[in-house]
Amino acid sequence: MKIKRKIGLISCSGEGLPEGMISRVATRRILEERDDVVTICLPLFLAGGQEERDFAKDNPCITVDGCDKMCAAKGVQMYGKVHPKSSIVISDITEKHKHLKPKSKSRIEPQDEKLVKETMKRITEEIDKVEEEEE
Amino acid sequence: MTEELLPNDTDSICLPLLTIEDEETVRKIRENPCITLDGCVAQCAKKNVEHHHGELKGSIRILDMIKENPKLKPGTVLDVGPGGEQLARKTAEKTVKIIGDRN
């Protein structure tokens with residue numbers, strides 16, 4: 001029997017910019033809604049042990065980054081030696097929908113909910129695609 | 001800290017930028033005094049700064065803050081709640097004190 005792998009969702013933790021807050025919250029909400037996904041704190045790739053470094057090898061990963069520096073996607077490649085299955089970048093979304101651009105680095109304002117929901121929708125679409133590939 | 005208490009004297013950096021060895025970020029932590037705030041025992045912020053030989057001037061562990069303030073219970077990851085908000089303010093105050101002691 002083939003054991004189904006869980007999908008790794010890796011978010012930038014985004015202390016430095018509002019888009020990071022969005023990526024973290026959207027990722028967390030998905031993690032609380034579904035039981036077929038797991039996560040790891042991105043900085044643990046460096047601070048943790050081999051088990052943490054192997055996370056991206058052991059789980060097909062979707063990265064959710066706040067900006068085009070794409071720390072989560074690069075972290076997966078750097079430490080896991082694999083490419084993420086899919087990458088979502090919040091600043092790409094706000095570039096196309098400028099009215100959604102968030103302002104606070106420390107909290108989600110009511111007007112940010114639309115962007116969080118849009119990000120969750122995209123994450124869900126990517127999870128579905130990766131699950132199809134895995135089957 | 002960086003948005004309300006000392007916006008002109010402090011700045012925050014994205015920890016993952018250190019994890020991926022972003023040159024500009026590594027330079028920043030080497031050229032500026034740093035205080036790390038860690039949420040769990042893994043102490044990723046402190047370890048990442050130390051790994052890149054940053055100028056570490058202080059470190060705060062939120063678990064210690066919780067021990068020092070047993071009545072302030074943080075809520076969930078998505079909503080820290082009133083207790084978490086107060087704990088965040090106390091942590092910010094402690095950070096200001098570290099900065100004050102340095103000056």
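1. Start with one pair of residues. I10(A) stands opposite T63(A), and T63(A) sits in strand 3 of chain A. The strands involved are strand 1 (residues 7–11) and strand 3 (residues 61–65) of chain A. They pair in the parallel sense over four bridges. As background, strands of a sheet pair through backbone hydrogen bonds, either parallel or antiparallel. Keep in mind throughout that this is a predicted model.

2. Now widen the view to the whole sheet. Four strands of chain A form an open sheet, and the pairing is parallel. Their order is 2-1-3-4. Which strands are at the edges? They are strand 2 (37–39) and strand 4 (86–89) of chain A, and each pairs on one side only. From one strand to the next, the twist averages 25 degrees.

3. Chain A has seven helices and four strands. Along the sequence the pattern reads β-α-β-α-α-α-β-α-β-α-α. Trace it on the model, one element at a time.

4. Helix 5 of chain A lies across strand 1, strand 3 and strand 4 of that chain. Its direction makes about 145 degrees with strand 3 of chain A. Helix 7 (residues 113–134) of chain A lies across strand 1, strand 2, strand 3 and strand 4 of chain A. Helix 7 runs at about 175 degrees to strand 4 of chain A.

5. Is helix 5 of chain A enclosed or open? Count its buried residues. Helix 5 covers residues 71–80, and eight of its ten residues are buried, so it is largely enclosed by the rest of the structure. The buried ones are C71(A), A72(A), A73(A), K74(A), G75(A), V76(A), Y79(A) and G80(A). Note that a lysine, K74(A), is on that list. Just after the helix, K81(A) takes a positive phi of about 60 degrees.

6. Check the overall shape of chain A. Its C-alpha trace spans about 45 × 30 × 25 Å along the principal axes. A compact globule of 135 residues would have a radius of gyration near 14 Å; chain A has 14 Å, so the two agree. Buried residues make up 47% of the 135 residues in chain A. Consider contacts in chain A with a separation of 6 or more: residues 24 or more positions apart account for 69% of them.

7. Turn to where the chains meet. The contact takes 25 residues from chain A and 19 from chain B. On the chain B side, the elements that give two or more residues are helix 1 (15–19) and helix 3 (44–51) of chain B. Helix 3 of chain B gives the most, with five residues. By type, the chain B side divides into eleven nonpolar, five polar and three charged residues.

8. Pick one residue of chain B. E50(B) is found in helix 3 of chain B. Why does E50(B) count as partly exposed? It has 15 C-beta neighbours inside 10 Å, and the partly exposed class lies between the cut-offs of 12 or fewer for exposed and 20 or more for buried. E50(B) and G100(B) are 50 residues apart along the chain, and their C-alpha atoms are separated by 22 Å.

9. Finish with the predictor's own scores. The mean pLDDT of chain B is 91. In chain B, 98% of the residues reach 70 or more. For the complex, the predictor gives an ipTM of 0.80 and a pTM of 0.87.

Technical notes. Residues numbered from 1 in each chain as written. Chains lettered and ligands numbered in written order. Predicted model: local features only at pLDDT ≥ 70, side-chain atom pairs only at ≥ 80, totals over all residues. pLDDT = per-residue confidence, 0-100. Contact = placed C-beta atoms within 7 Å. Nonpolar A, V, L, I, M, F, W, Y, C, P; charged D, E, K, R; others polar. Pairing = 2+ DSSP bridges. Axes fitted to C-alpha atoms, helices over the stretch in contact; angles between N-to-C directions. Rg over C-alpha atoms; globule rule 2.2 N^0.38 Å.
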